Amino acid sequence: MSTLNKKPETRLNASLIWKVFGIAFFVYLFFGFMLLPCLNTLTSIFTVKDPTTGAIDPWAVIRFFFAGNMPKFVLNSLKLAVCLVITVNIVGISIVLLTEYFDIKGAKILRLGYMTTLIYSGVALVTGYLFLYDSDGIMTTWLSSIFPGMDKNWFTGFNSVLFTMTFACTSNHALFFRNAIRAIDYNTVEAARNMGASPFKVLLKVVFPTLIPTLFSLTVMTFITGLCAMSAPTLLGYDSINPEIVRLAGSSIADESFPQARAALLSIILAMFTILLLTVLSAYERKGHYLSVSKTKAKLVKQKINNPVANVLAHIYAYVLFVIYMTPVVMIVLFAFQNYPSLRSKTLSMDNWTLINFFGSQDFEFMTNRGKYRTRPGAISGLFANADTVGGIRLSFALSALAAALASVIVVVAVNYIFKNKGKKRSVVLEYSLLFPWLLPTILICYSYRTYFNSTDVWYVFGQNLYMRENVRFLIVMAYTVVKLPFALRMIKAAFYAIDEELEDAARNLGASPLVTFLRVKLPIVLPSVLAVFALNFNALFTEYDMSATFQSSYGKSYAMVIQNMCHDEGRDGYNVNASGRRCASTVFIMIISGLILYLVYGVGARDLGERLERREKRRQFWRKITGRAGKESQKTAA
Amino acid sequence: MAEQAANMIELKNIVVKFGDFEALHNINVDVKQGEFFTFLGPSGCGKTTTLRTITGFIEPVSGTVNVNGKDITHVPIEKRNIGIVFQSYALFPTMTVYDNIAFGLKIQKLKKDEIDRKVRDIARKVDLTDEQLQKAVSQLSGGQQQRVAIARALVTGPAIICMDEPLSNLDAKLRVQLRNELKKMQRDFGITTIYVTHDQEEALTLSDRIAVFNKGYIEQIGTPNEVYNHSKTEFVCNFIGDINRIEPELCKKLNLDENQNHFMRLERIRVNREAQEGEAVLPGEIESREYYGLYIKYYIRVCGQIIKVIERNDGINIYDPGQQVSVGIHTRNLMSYPKQ
């Protein structure tokens with residue numbers, strides 16, 4: 001379709017101004033906050049000066065890499081990524097098959113348990129596992145009472161990271177693999193059964209082949225997650241790339257050889273792996289997916305496991321997984337409402353029920369080494385009474401909301417432009433520039449920001465050092481925004497595809513200008529998706545760890561860092577005695593926020609106008625009924 | 001009705017190109033005031049392109065679009081005063097029925113009470129209740145949605161209304177029902193209507209006149225009777241309704257000019273009837289039949305060719321496969337075209 005009508009000159013001028021402004025903004029964003037900082041990181045590897053001669057030695061870092069212990073970090077990350085692919089796929093596929101494909105008793109409850117990672121992930125989840133399996137964790141305490149000789153520090157290193165991340169990284173399987181299983185045409189299963197195939201043969205030969213594209217995507221995403229792992233290796237003590245980059249970024253030449261350039265090299269290695277994997281993934285995706293050719297698709301019917309032994313084993317396996325998923329969540333929730341003595345002894349008691357971990361504060365009395373009792377006023381303080389925690393929550397809330405909103409607005413404007421100029425070079429360039437951060441690991445972007453903007457030489461930010469003092473908050477917002485652009489683009493673009501082109505024509509025909517058409521017709525249609533993107537991005541950023549750790553400073557102490565500090569503070573008697581309780585309360589708070597957001601996005605946000613009007617009418621009828629009854633009763637009383 | 005009226009829309013030598021592809025070749029159409037004019041043709045023939053040229057979504061490479069004698073070829077879409085009912089209805093899903101109808105009036109910045117009066121007035125005319133006005137468009141049936149689309153297109157008082165296959169998304173029964181309603185509404189409003197369809201039955205039942213499109217050309221413009229019974233070209237004859245092509249052997253039997261292709265409508269052939277003057281009666285054998293209730297369609301072998309015949313179902317004269325029958329063909333009912 002082409003709309004070539006001559007427009008009034010004034011409108012042309014106004015649209016030209018908007019166009020120039022838009023182009024300038026996107027060029028500034030792409031070059032200023034994506035390309036240049038990352039290029040600076042790349043060049044910094046080859047511009048290291050020899051400490052003795054002062055001359056530039058381009059290969060110094062590379063030589064150091066092979067001579068020192070740096071390959072260890074890369075190999076460790078690769079080892080974690082490979083193992084994670086195996087374990088996450090086993091657990092992820094299991095939880096979906098057990099709840100969606102096989103007829104397992106209590107599948108609905110099991111599904112709820114398996115999906116807890118959707119509201120309980122990242123640093124909160126890792127600290128939750130620590131709460132259970134740490135040296136003085138509940139499970140460790142319990143196990144050591146049974147096996148007195150056991151090593152209390154057993155939950156550290158590679159195994160603990162692999163275990164934690166295995167159960168933390170099944171969210172994608174729970175969402176996407178589940179959708180793929182549910183999309184299977186049951187007629188194909190029936191056809192295979194009709195031809196004499198056993199249920200397991202059907203699963204292997206008919207069902208699985210159609211799921212391979214989804215599984216491939218999930219495998220690649222899991223591999224990247226493993227490679228870029230941050231919170232679990234940091235908190236559980238495992239030498240992988242990301243924690244090392246953050247450590248090196250904070251180090252100085254006085255401590256070790258060119259730490260910044262080494263950090264840059266590691267982040268570039270990570271980027272190379274990511275680009276390679278995403279290229280493989282997109283090449284595979286281009287081959288296309290298996291699509292059912294059925295005209296009438298039949299809904300999948302759960303398969304009974306006929307072999308009684310296999311059936312029992314499947315049920316045992318399902319419930320063991322359920323216990324692993326649910327134990328940290330249940331324990332954290334229960335202990336969030338227990339007082340300090342209870343938390344310390346890791347025993348639950350109704351007598352120790354309290355809300356102190358959430359609200360208010362109280363004094364802490366303790367015995368000194370000299371046997372005297374002392375009181376530390378207000379040492380026990382709840383989540384919303386502790387200045388540090390509240391500061392972290394406030395900062396994370398503000399920065400995440402701002403970045404999520406910024407990413408949504410930028411992408412909505414860009415996608416509207418891309419759709420209006422479909423097939424034109426400029427829209428392709430714009431789209432690829434917004435997808436650019438997808439190719440780069442988050443840590444590379446953050447590290448690049450931290451080093452590039454930690455100077456007064458960057459002219460296009462008016463010579464301001466953005467890493468200094470309060471400026472770091474701006475840097476965090478920019479990093480949050482840039483990192484979330486690709487996800488926002490993919491989601492919002494999908495929403496724009498759903499707009500019937502005739503709607504725009506209809507609005508134009510009824511006299512609406514392009515701006516009015518966008519604001520009153522197109523935007524309301526994509527608004528639920530835009531809000532969903534905003535909410536999901538906010539949710540992810542609110543407890544985001546990787547970027548927070550890179551930008552950590554007294555001016556940029558986010559919620560995730562506060563939670564991390566709580567882990568460190570635990571056990572420091574007399575000072576932060578209820579860090580453990582506050583951490584539990586924090587996790588409960590995060591779960592509530594995440595749950596609420598998911599409900600708003602997938603529950604409320606998914607309703608169309610018809611459903612909303614129906615609900616409104618039901619509410620009206622309900623209130624009419626109530627007020628009518630109340631009115632009648634008051635009339636009776638008056639009579 | 002439209003015979004005496006003046007031309008309201010005039011398309012003169014319209015040429016539309018998409019890149020190198022010429023979608024419309026020199027189109028000339030005149031539509032009279034109050035006329036129900038249909039663009040009929042197969043997919044990709046240029047009928048929707050012509051409609052979009054009239055509404056302003058497409059600007060022709062050459063030629064002019066005149067409405068009431070005024071050249072509107074370069075007038076912006078929103079200033080043409082032409083209402084459109086889209087194929088998908090294009091109702092705004094985030095607005096209630098009321099807001100959908102009121103959209104154009106709000107754009108015109110009319111006063112709230114005037115908008116309300118106009119919306120309720122048009123809603124009454126298209127049989128939409130006050131309760132339905134408060135609903136979301138997704139809560140309405142296909143027929144109700146069509147009425148909303150018509151109300152929205154009419155509420156701003158356009159001089160012309162264009163409809164782009166508005167019945168194509170509906171099931172067969174509803175199509176017939178709404179077709180009748182559409183015609184009644186058009187008569188009541190007396191508005192000049194341009195209707196696009198690929199369905200010949202729809203075109204024949206609704207239209208005052210039909211333009212039959214093929215590959216970007218207009219093959220014939222005429223009344224439904226003209227295009228059906230006096231098809232100007234072989235394409236029109238084949239496209240409109242079912243037809244028998246007379247094969248050479250039968251042509252010889254009927255003494256027809258062999259330099260021409262000859263066609264005959266199914267209902268013009270008579271089975272087991274007394275011969276009329278000038279009618280050739282040939283022996284035939286029933287090959288198969290399709291029972292439609294109101295009528296029966298027979299496939300009869302005559303001179304080695306299968307001829308399709310429609311007979312009214314009188315419940316008595318029903319022929320079985322294998323039965324010998326006589327087939328009456330009158331050459332005056334033939335439509336003949338030079339061989340190309």
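**Contacts in a two-chain model**

In this predicted model, 25 residues of chain A are in contact with 26 residues of chain B (contact: C-beta atoms, placed from the backbone, lie within 7 Å). Local features need pLDDT of at least 70 and side-chain atom pairs 80 or more, while totals for chains, interfaces and linings use all residues. Residues are numbered from 1 along each chain as its sequence is written, with chains lettered from A and ligands numbered from 1 in the order written.

**Exercise 1.** Describe the side of chain A that touches chain B.

*Step 1.* Find the elements giving two or more residues: helices H20 (501-509), H21 (514-542) and H25 (609-638) of chain A. Helices are DSSP runs of H or I, at least four residues, numbered from the N terminus.

*Step 2.* Pick the largest share: H20(A), with 6 residues.

*Step 3.* Sort this side by type: 12 nonpolar, 6 polar and 7 charged. Here Ala, Val, Leu, Ile, Met, Phe, Trp, Tyr, Cys and Pro count as nonpolar, Asp, Glu, Lys and Arg as charged, and the others, Gly among them, as polar.

Note on methods
Contact = placed C-beta atoms within 7 Å.
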